[in-house]
Amino acid sequence: MDGSASDLQKFGVLRSVERVWAIAAIRGDADRLTAVHRKIADAFQPGDGIVYLGDVIGFGNAIIASIDEVLRFRRTVMATPPLRCRSENFIVLRGRQEEMWRKLLQLQLAPNPGEVIDWMSERGIDPTLRAYGGNLGQLRLAAREGPVALARWSQNIKHQIASYPGHSAFYTCLRRAAHNGDHGLLFVNCGLDPDRPVASQSDSFWWDARGFQRITAPVGGFHRVVRGSDPERGGWHEGPATLTVDGGCGLGGALHAACLTATGEIADVVTA
């Protein structure tokens, strides 16, 4: 994969894995996630890796519980024989929801914070805001008062995040995308621009869904690109060089997890 060292550090790299469990967008539905985790644990094999394809938060009403469940399952697969997943092979991607949340906590830097708040609210940020003790009314008031008030608001929310064990680290460790080295699998949240180098995609991973739909052949040396979130809610879809596993979890649909071999064949699928 082409790109500078600083770009590549933003990617998760699955090392020496025989299979990868790719978990679709969860969107705050902790019950379905727990059910999928149980099924993965039953089918998990030594040498397997796990990639959460972003959007763990947003839309659903169990944001805190969803993150807690990811953290619990990480401890389980890393510490429980015979699972023993290596830490570098347990990867969580930053999805649209996590990217918006990151930007929301930097809102004092935005030239037009009121417009940003409206835009994010239309795209599902409200449940995450409420989960950490915030609300849109307080946020809009802080935006009207100016950058100092927004910075103070943001710091209060960060204190709330830190009050939940592991949550600050969860957000800090999110990756833009992931791949399995030379085997040719690329994991993304929502989008990809096939006309640009993979390592310099930047916002395309979250917002270029149409670019993803244009992929009909290997991109950047990757034989298959796997995404977990489809904003058009088209459901499970297999293309010549792509796979979408979004079942609409958190929006009234199912949660899918696809188990892929290192070369991209589907070895198993679990659903809740």
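Modeller: Happy to. Let's begin with Arg176, which counts as buried because its relative accessibility is 18%, under the 20% cut-off for that class. Please keep in mind that this is a predicted model, and that what follows is computed from it. Arg176 lies in the loop between α9 and β5, the strand of residues 177-179. Leaving aside residues up to four places away in sequence, Arg176 touches Lys10, Leu93, Ser202, Phe205 and Trp206.

From that loop we can go either way along the chain. Going forward brings us to β5, which belongs to an open sheet of six strands. The order across this sheet is β1-β5-β6-β7-β9-β8, and the pairing is mixed. β1 (11-13) and β8 (237-238) stand at the edges with a single partner strand each, so one side of each has no neighbour in the sheet. Further in, β7 (residues 224-227) pairs with β9 (residues 242-244) in the parallel sense, over three bridges.

The largest share comes from α3, with four residues. By class, the lining holds 10 nonpolar, three polar and four charged residues.

α9 also gives two or more residues to the lining of the second largest pocket, as do α4 (96-104) and α8 (147-162). The space in this second pocket is about 290 Å³. Among its lining residues are Arg94, Glu98, Trp101, Arg102, Lys158, Ser168, Tyr171 and Thr172. Sorted by class, the lining has five nonpolar, three polar and four charged residues.

α4 and α8 turn up again around helix α5 (residues 113-121): the buried residues of α5 pack against α4, α7 (136-145) and α8. In α5, Pro113, Ile117 and Met120 are buried. Seen down the helix axis, the buried residues of α5 fall within an arc of 70 degrees, so they line one face of the helix.

Strand β10 (residues 256-261) is mostly covered, with five of its six residues buried. Strand β2 (residues 19-23) is joined to β10 by five bridges and runs antiparallel to it; here Val20 stands opposite Leu260. β10 also pairs with β11 (residues 266-271), again in the antiparallel sense and over five bridges, and Ala257 stands opposite Val270 in that pairing. Together β10 and β11 form a hairpin with four residues between them. In its turn you will find Gly264, which has a positive phi of about 105 degrees.

Conventions. Residues are numbered from 1 along each chain as its sequence is written. This is a predicted model: local features need pLDDT of at least 70, side-chain atom pairs count only at pLDDT 80 or more; totals for chains, interfaces and linings use all residues. Side-chain values use heavy atoms; hydrogens and water are left out. Two strands pair if DSSP finds at least two bridges between them. Buried means under 20% relative accessible area, exposed over 50%, partly exposed in between (1.4 Å probe, protein chains only). Ala, Val, Leu, Ile, Met, Phe, Trp, Tyr, Cys and Pro count as nonpolar, Asp, Glu, Lys and Arg as charged, and the others, Gly among them, as polar. On a 1 Å grid over the protein atoms alone, a cavity is a set of points where a 1.4 Å probe fits but cannot get out, and a pocket is an open set with protein on both sides within 12 Å along at least five of seven lines; lining residues have an atom within 4 Å of a point. Grid points are joined across faces, edges and corners, and a volume is the space filled by probe spheres set on the points. The arc is that of the directions from the helix axis to the C-beta atoms. Contact means heavy atoms within 4.5 Å.
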